[in-house]
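Q: Could you take a close look at one part of this model for me, and then walk me outward from there through the contacts that link the chain together? I'd enjoy a connected account.

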Amino acid sequence: MSQKKCAVVKAMRCMLGDQSTEVKKAVLHFVRTLLSVQGLDDWAWDLVAYNFKQSTTFPKVQGLLARLLVVASALGDSSRAHSALRALWALHRMIHPAVGEQWRVKIPILLSTIEASGNPETSQDNVWWEHLLLKFLNMTLKSIADDAWSSQLSLELQHQTASYACSSPEKSFLYKALGTTLASCQDVAHVKSQLQKSLKGTDYMNASEREHVVTILAFSAEGHLDLTLGTMEDFGAALSKVQVSGIVGRLQDYHQGKRARTHRALILAYSRIAVHAPRTQLLPCVEHDLTRKVLQYYMTSCQVLGINFVNKDFMKEEPMDSLASPVRLRAMLAIKHLSKVKPSLNRDENRNILDDCLKCLLPLPAVQQLREEGETSQDAVQVQALHELSMQALGELMRGLLEEDPAENWFMEMVHLLEPWIFSDKEWERERALQASSQLLVAYQETVYCRLQEPLEQFGSLLGLLAPYTCSCLAASRLWAADCIFCLLQLQGQSRTMDAAEGELRGLREELKAASPEAVLTSSCQMAKVTGKFLPSTQALDLVGTIMDGMLSASPTCATAAGHWFCAVLRENGDALLNEVPDILSTIFIRMPTMQERSMRGFLLEGVGILAMFHLEAVITSLLAKPLPMDSDTSELWRALGRDDVSTLHILRLLLEKIHYPAGTEGSPSEGTAALGPLAATCASLEMLTTMHSSSVLRELLPELLCALLEQVGHTVGQDMPMPTASIRRRQLQKGQVCTVGNPCRLSMETLACTISKGLGERVAADLSKAGTWPLLESPQTHHEGVCQLARTLLPLGIITPQFIGQVLKWASSPTENLRVTGTAFISQLMCDPVLEDEKLLKAVLSLLQQQARDTNNLVQQMAARGLGNIVYGAPEQLKTHQKAVVETLFQASFVPARPEIREEGMRALTRVFKHLGTDAGPLVEDAAMHIRPFFNHDNDGLHAVAFSLFGALAGCMKRRQAFYKNQVRQSLGTLLLHLEDPNPQVAKECRTTLGLCCPYLGLRRVQAALAFHTQGSEQGKQEQLLRDVCRHLAREKPALLEGLCQAAQGHYSSPWPEIQMAAIQFTGILLEYAAPRSAGQIKVARLLSSLQTLGQDTSQEVQDVATQVAEAISKSPWGSILQEEENHGHTLPYITSLLCFGCLRPRSI
């Protein structure tokens, strides 16, 4: 046989050298026939191997190995499988040198397995056979231990998959072999690339291809678990980002189906990986990498396929106008059970699930509505049953979610999902929401509370949310609300004290079934009283906030019930709510702009009144913290406290304490800014005063209240509004509502005016308004005059008590300038009142006024001077006793350089004092007479008017000093005569009066008679005639006086008033007309004419005309010759001009 083998081999060798196509085909045909012969000896396979080695077109060894393994996998054709294994052994040296030793052992074992199996009839045999071949492949690759060789084998396996049909067993085996090869290959980059290529290149709509990619992933995980899982996660993440654009909307169903099947393939892959991966590597990543991803893809695939676990598309696809099928019921039950699958969904996902369930169930039309729309009775009964079952399923779902996450904050999140439905304006939606709330509370009690045994922290807010609906229009809603309240009380854990309450509540629940709204409201209010006893004070604020939301309910009956509950709870718990008062009031304050309905606002105001009954001072303190100026809501809250005049008076007493400035704090507010606390109390007092009806009740508090308010006015005059404190909550302004800046002094005056109106009568307040007192008080420049007017009105009414006066004296010594002005002004008017006849009080007041006369504030000095002068009205008998101090102080105020207002006030006061003292006046009258004359020509009208008045008053003091005063009058005569034509009527009037008082001291009978005729007669003559009469009589009785009058007239040429200038010029002409030129040696005509020539160029045309006229008249008169004689004496024009410029600017003595 060996000889035959050699001969055949030699013959074949000769033919292999021939490159002819026909010869090659013949050789291949021969080899095929040779392989088909049964019982072929080993030498034939050697020949085949030799022939393949010699062939130049033989494929790569990896491809040959892949092809032979595929052929060997077909256990059904045992002969072919046997031949393929024999071929492998024959080609082992060519495939790889490292496999020989191992194949020598393994291939015979595989061949014996084939021979033993015969023709297998079960798939298990085929599976077992593939397992052996894959194990053989794995051992082969380990023996080769060449990553490049293994990588090439994987590529050949991938390439050969295209040669077989999708469902063929050969292709299935190829993918298993590919996965095994990748598991053995240590070239990580190549393995990852192949896995990505397989994942991306698979047609997931084809079941066979999905199976093939799962196979690759599962087998590759045997050697690369982390790599395989990571590649799958990257692929899944990229897949989730793919969005369907609008332009391919028609393909959306296909796209979603493809995505769903992709997810299903990945889920299957994860499960197969769990089977194939090494156990030691698998356990650490089962929960996080495998189970989590399986559930994630499961839920996502359900969404795409329409079994929406997260969004519940099943329920969403149900019609929203009817409950036509039990889909919603079954979906919620399914969700409940699926929520227990581990790992659990997070809270956000569960919240979305519950929210969607509520949206799909609660808005469904009521059964009664379906009946009205024509549904049959049978259909209505079925729908009603479905409603009931669906609501039970919703309750089971909420219970299941609580069981998975037993926490109070999760429970409250579920309540918040129900709130919009509880506030719904549709009765049937509210009913279902209340039923769901009852189910949720029971579930909480049985799942969370039974385990923790801790009272519900949100008891107050939940009670406030649910209580108003005990008056809902539907009886079922009322009963569900009552059940909720009953369950809430049980959650408080006060079983010992709740036994009696539970029985009463059960009875009240039955009464809620009544048809009468009034009876239902009565039962609800009684329920509020019972329940309010168990409300922790720390939760009162929560209840107030939520129950106010109920007062805005779309149902009027529920809103009314909310208001009654609000007041009832405050009554039952008011004594324990001291610490909660500020927050409760702030909550009420914030809600008022949104609660405009009168009855609802009435409940809020009643609540404030109830709190005030228990904690009045705390309520007042909280309301005082509101922003200023008060808006209408704050004002209304204050007025709500005034239940009657007695309670209002009590509140005013408390506010009065807050208006007073504590000792030593008068100057504490920021400069230019009013103090917030006293101003707020002042504004609050105004609101309280508006609620009073009886003035007699206010009378006892009136003096103290007026005193405090006047002090507040004094503090705030000229001040800005204070900034609100940081603790004040931001105000919710309505549309169109603005916050004004405000004027603190005006706000204080409004309160003062209201106090006067309420306590003294509207007539007194009207008189003050008519006199313009309030504008005077408000302005810093005229505040002192307003205070004097006010004091002038109040003093005769007998309400200025000694305590009032004592406070005013303190103001006058205050470090605050404004208050010193207020106090001193009031005292200045007080000096007119007989109350000062008390010597002790008078002495103290006089001492204070003397001190204030030296104050740094000008208004204080001015008012001090006025007050000293007013002593002649209030204590005239005591004036002589204090004459020296009073007169000296006023003398200082009048003549020591100071502001004109102070001097004017001092002179006016001296005028009153000297008039009263008369001849008893001391020696200072002479000094006063000399000091007063320079003010006759002062440019301040008020000052030189009072100067004339004071000079005239001195006439009554000069009985013992006639000679002195006679001289002063003669020196002042020219000025007095000229100012009879003063442009200011008041000055002219004072001058005329003074001239009438002084003329008796001239000692000239005819002149005195002429002056008396023109100044005191019934018909006052013209100015020119008066001057002519005076000059005519002087020329006869005292010619020397004419010269002095002429010099005085020239001294007024420089007067700032044109009227006085013209009068002086005319007076000069009249004087020269009656004076004898030769006897009047003191009259310098040249100097006079020079002055007149200068006035001829004055800015006033009238002055020019008069000066020119008088100068011409003098030149033509006998005085013209006197002018020539003066020129001959050597007086030059510059000398005359200098006399005019410097000498005649001031008055000269006679």
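A: Happy to. Let's start at Ser 523, which is found in helix 27. Please keep in mind throughout that this is a predicted model. Ser 523 has a relative accessible area of 5% and is buried. What does Ser 523 touch, leaving aside its neighbours within four places in sequence? With those set aside, Ser 523 is in contact with Leu 508, Glu 511 and Leu 512.

Two packed helices are described by the angle between their axes and the distance between the axes. Helix 27 (residues 517-532) packs with helix 29 (residues 556-573) at an angle of about 30°, and their axes are 8 Å apart. The crossing of helix 27 and helix 29 is right-handed. On the helix 27 side, the contact is made by Leu 521, Ser 524, Cys 525, Met 527, Ala 528, Lys 529, Thr 531 and Gly 532. Helix 29 brings Thr 560, Ala 561, His 564, Trp 565, Ala 568, Val 569, Glu 572 and Asn 573 to this contact.

Now let's step back to the chain as a whole. The protein chain has 61 helices and zero strands. It has 1150 residues, of which 52% count as buried. Among contacts between residues at least 6 apart in sequence, 73% join residues at least 24 apart.

With that setting in mind, we can turn to the charged pairs. Side chains of opposite charge can pair when their charged atoms come close. How many salt bridges does the structure hold? The structure holds 29 salt bridges, and a few of them deserve a visit.

One joins Arg 509 to Asp 483, with their closest N and O atoms 2.6 Å apart. Arg 509 belongs to helix 26 (residues 495-511) and Asp 483 to helix 25 (residues 475-491), so this pair links distant parts of the chain, 26 residues apart. Arg 509 counts as partly exposed at 22% relative accessibility, and Asp 483 counts as partly exposed at 22% too.

Another salt bridge is formed by the side chains of Glu 413 and Arg 351, at 2.4 Å from N to O. Glu 413 lies in helix 22 (residues 408-422) and Arg 351 in helix 19 (residues 347-361), so the pair ties together parts that are 62 residues apart in sequence. Arg 351 is partly exposed, its relative accessible area being 22%. Glu 413 and Arg 351 also belong to a network of salt bridges that links them with Arg 347, Asp 348 and Asp 405.

Further along, the side chains of Arg 639 and Glu 687 meet in a salt bridge of 2.8 Å, N to O. This pair, too, links distant parts of the chain: Arg 639 is in helix 33 (residues 632-640) and Glu 687 in helix 35 (residues 676-689), 48 residues apart.

The charged end of Lys 626 sits over the ring of Phe 589, 5.2 Å from its centre.

That brings us to the rings themselves, where the count comes to ten aromatic pairs. One of them is the stacked pair of Phe 936 and Phe 948, 4.6 Å centre to centre with 25° between the planes. Phe 936 sits in the loop between helix 50 (924-932) and helix 51 (941-954), while Phe 948 is in helix 51, twelve residues apart from Phe 936. Phe 936 and Phe 948 are buried.

The rings of Phe 951 and Tyr 965 have their centres 5.4 Å apart and their planes at 35°, so this pair is tilted. Phe 951 is in helix 51 and Tyr 965 in helix 52 (residues 962-978), a link between distant parts of the chain, 14 residues apart. Phe 951 and Tyr 965 are both buried. Ring pairs join Phe 936, Phe 948, Phe 951, Tyr 965 and Tyr 1001 into a cluster.

Glu 101 is exposed, with a relative accessible area of 69%. Its C-alpha atom is separated by 9.5 Å from that of Ser 143, 42 residues apart from Glu 101 along the chain.

Definitions and conventions. Residues numbered from 1 in each chain as written. Predicted model: local features only at pLDDT ≥ 70, side-chain atom pairs only at ≥ 80, totals over all residues. Heavy atoms only, no water. Phe/Tyr/Trp six-rings, centres within 6.5 Å; stacked < 30°, edge-to-face > 60°. Helix = DSSP H or I, 4+ residues; strand = E, 2+ residues; numbered from the N terminus. Buried < 20%, exposed > 50% of the residue type's maximum accessible area, 1.4 Å probe, protein only. Lys NZ or Arg CZ within 6 Å of the ring centre and 35° of its normal. Salt bridge = Lys/Arg side-chain N within 4 Å of Asp/Glu carboxyl O. Axes fitted to C-alpha atoms, helices over the stretch in contact; angles between N-to-C directions. Left-handed = near helix turned anticlockwise from the far one by under 90°. Contact = heavy atoms within 4.5 Å.
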